[in-house]
Amino acid sequence: MSLVSAMSSLSPIAETQHGLVTARQATCRGAHRRDLSRLVRAGVLEHVAHGVYRVAGAPRPELEELRAAWLQLAPELQTDRRGAAHGVVSHSSAALVYEVGLLSPQRWEFVIPPPRRFRTRRQDVAIHQAPLRPDDVEWVDGLLVTTPQRTVTDLANVHFDGGHLSLVAADMLDRQLAQPDDLAAALAPYAAAYGLPDATGHEFLEHLTHR
């Protein structure tokens, strides 16, 4: 395949994925590994992560490394064909997408519901196996992400540091990403684990956010 033909086949995909495209997506469009290597050598594509490329000259998207890691979960599927079964940005990574808390995640976190299993050799990627309801996920800037309420639930479930959890919850309320009743319901089952065995969800939320 010529370089022009290869890019013509990849451009529509990249336009919907913030300039990113996977090798598997390229193969589905008739552009194979050797074509991608030629495009990289020609300076038309830039390598981002294993099997993930960015169109040279395209604006570098926010959270590019997270986007690349998410694409790797189902590399053959374009983003508009993905659902919760293919992996959802979660936990501290979801908080980063919502820009809540003061987090510098050491790894990218995703939830994949059973029965699908996914293994990765990446040390900076964590896969959580857990059920997801349809109302647990939403699209945020081209990423499938756990909702604010589910994100707080997941963080509390893994005993996330109380100070950081407080900032996440407070920011969500301040930015009106979630309602107090919803966050209180999400936090209620975990009050005891944070040293408040007799607290209601609202009392736990007030304790965290000082309001």
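Okay, let's start with leucine 143, which is buried, at a relative accessible area of 2%. Buried here means under 20% relative accessible area, with exposed over 50% and partly exposed in between, using a 1.4 Å probe and protein chains only.

Before I go on, the housekeeping. This is a predicted model, where local features need pLDDT of at least 70 and side-chain atom pairs count only at pLDDT 80 or more, while totals for chains, interfaces and linings use all residues. Residues are numbered from 1 along each chain as its sequence is written, and side-chain values use heavy atoms, with hydrogens and water left out.

So, the overall picture. We have 9 helices and 8 strands in the protein. Those are DSSP runs numbered from the N terminus, H or I of at least four residues for helices and E of at least two for strands. The C-alpha atoms fill a box of roughly 70 × 35 × 30 Å along the principal axes. Of the 211 residues, 49% are buried. If you take contacts (heavy atoms within 4.5 Å) between residues at least 6 apart in sequence, 53% of them join residues at least 24 apart.

Back to leucine 143, which sits in strand β8, residues 143–146. What does leucine 143 touch, leaving aside its neighbours within four places in sequence? The list is Leu66, Arg67, Trp70, Val89, Val97 and Glu138.

Leu66, Arg67 and Trp70 also turn up among the buried residues of α4.

Now the aromatic pairs: how many do we get by the rule? The count is 2. For the rule, rings of Phe, Tyr and Trp (its six-membered ring) pair if their centres lie within 6.5 Å, and planes under 30 degrees apart are stacked, over 60 edge-to-face, the rest tilted. Tryptophan 70 pairs edge-to-face with tryptophan 139, at 6.0 Å centre to centre and 80 degrees between the planes. Tryptophan 70 is in helix α4 (64–73) and tryptophan 139 in strand β7 (137–140), so this pair ties together parts 69 residues apart in sequence.

Tyrosine 194 is in the loop between α8 and α9, and phenylalanine 204 is in α9, so the pair links parts 10 residues apart in sequence.

Strand β7 also holds valine 137, buried at 18%. Beyond its close sequence neighbours, valine 137 contacts residues including Ala84, Val88, Leu144 and Val145.

The axes of α1 (residues 3–16) and α3 (residues 33–41) come within 10 Å and cross at roughly 100 degrees. That makes the two helices roughly perpendicular. Leu3, Ala6, Met7 and Leu10 of α1 meet Asp35, Leu36, Arg38 and Leu39 of α3.

On the angles: axes are lines fitted to C-alpha atoms, for helices over the stretch in contact, and angles run from 0 to 180 degrees between N-to-C directions. Under 35 degrees is roughly parallel, over 145 roughly antiparallel, 65 to 115 roughly perpendicular, the rest oblique.
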